[in-house]
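Hi everyone, thanks for coming.

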Amino acid sequence: MSLGSRFKAAILVEQKKPLVVAELTLPETLEIGQVLVKIHYSGICGSQLGEMDGAKGPDRWLPHLLGHEGAGTVLAVGPGVRKIRPGDAVVLHWRPGSGIESVAPKYRWGDETVNAGWVTTFNEMAVVSENRITKISDDFDLKIATLFGCAVTTGFGAVVNNAKLKIGESVVIFGAGGVGLSMVQAAAMTSANPIIAVDVFDGRLELAKKMGATHVINARNVNADEEICNILNDRYLDVFLENTGKPENIELGYKITGNKGRVILIGVPRKGDNISIYSLPMHFGKLITGSHGGETIPDQDIPKYMRLFSEGKLHLSELLTETFSLDHINEAILGMRDGSISGRCLIKM
């Protein structure tokens, strides 16, 4: 497939509505720093659900493409691109790495323009900025590689870079989706104890136990605050990793962490959803801070985590629980919302 060709994509046309799967047309040329990639697999992250729902407010870029976690093959490169070449297998990620940050591409949908960011993956073909791509080994499983675009790098980065979790420290991971399950595994590899995973879906909690959680709590069935305190035996918590973006969960984390505790916010609250905390403990060492993709450096961290997987120290196959075609992407999104999909869901192009 070449520039100017037609391809299929899932388009966000209206917030709080299903995506529209349709054929778009590629640009005729690549700009400086742009790369044409054939997408093989895309993950679906909770961030995309937030975009669809308008969590950050009205969307001024509609219609546009979505997706920031994928794996594919490079078909062509634009002027100035140096770190990759046609034929390379690559991971697509939203955190910027080395290389040029290009202008964002625009696609044609009949007579209409469809916008896109520096990376999108809910599409068979993508024009991506060079700094949103990392080259990988040609023989690495592209299904697994997809997870390094966000789930693994954000999860491990939040544990290692943001929380700086230490051996023997206690940790609560609130929200056990793809990113949360990666956090569980990172915490287990750090020898944290206890590792408490909290979610509202039993399927995700079963996966959390396989990933290394010492305790799991279904917050739909019990009082999470009381259960966590019982597990800690009235000790204060060291680290609280919050993936849901819900103010009440953020406030819970701040309440139960100790004077030197760390509350790391990975989930993003809806616009207007504010938190209320008593800030005095922050003067004595308590920390509450946001994570930006775990502060991952893709060119350094993706190869490092891939080596762990190849050497059998990182278990990711268990995270991939469902695969859908692009035509059925709205069914996949529904499964994520209702909890019938426990791990990371992939879209196969």
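Helix α1, residues 46-53, packs against helix α9, residues 329-338, at an angle of about 100 degrees, and their axes lie 11 Å apart. So α1 is roughly perpendicular to α9, a label that covers angles of 65 to 115 degrees. Axes here are lines fitted to C-alpha atoms, for helices over the stretch in contact, and angles run from 0 to 180 degrees between N-to-C directions. Helices (H or I, at least four residues) and strands (E, at least two) are DSSP runs, numbered from the N terminus.

Which residues meet? From α1 we have Gly46, Leu49, Met52 and Asp53, and from α9 Ile333, Met336 and Arg337; contact means heavy atoms within 4.5 Å.

A word on the source: this is a predicted model, where local features need pLDDT of at least 70, side-chain atom pairs count only at pLDDT 80 or more, and totals for chains, interfaces and linings use all residues. Residues are numbered from 1 along each chain as its sequence is written, and side-chain values use heavy atoms, with hydrogens and water left out.

Now the sheet. Six strands form an open sheet in the order β13-β12-β11-β14-β15-β16, with parallel pairing; strands pair if DSSP finds at least two bridges between them. At the edges sit β13 (215-218) and β16 (287-290), each pairing on one side only. From one strand to the next, the twist averages 15 degrees.

Finally, look at β15, residues 257-265: four bridges join this strand to β16, and the two run parallel. Ile264 has Thr289 in β16 as its bridge partner.

Definitions and conventions:
Angles under 35 degrees count as roughly parallel, over 145 as roughly antiparallel, 65 to 115 as roughly perpendicular and the rest as oblique.
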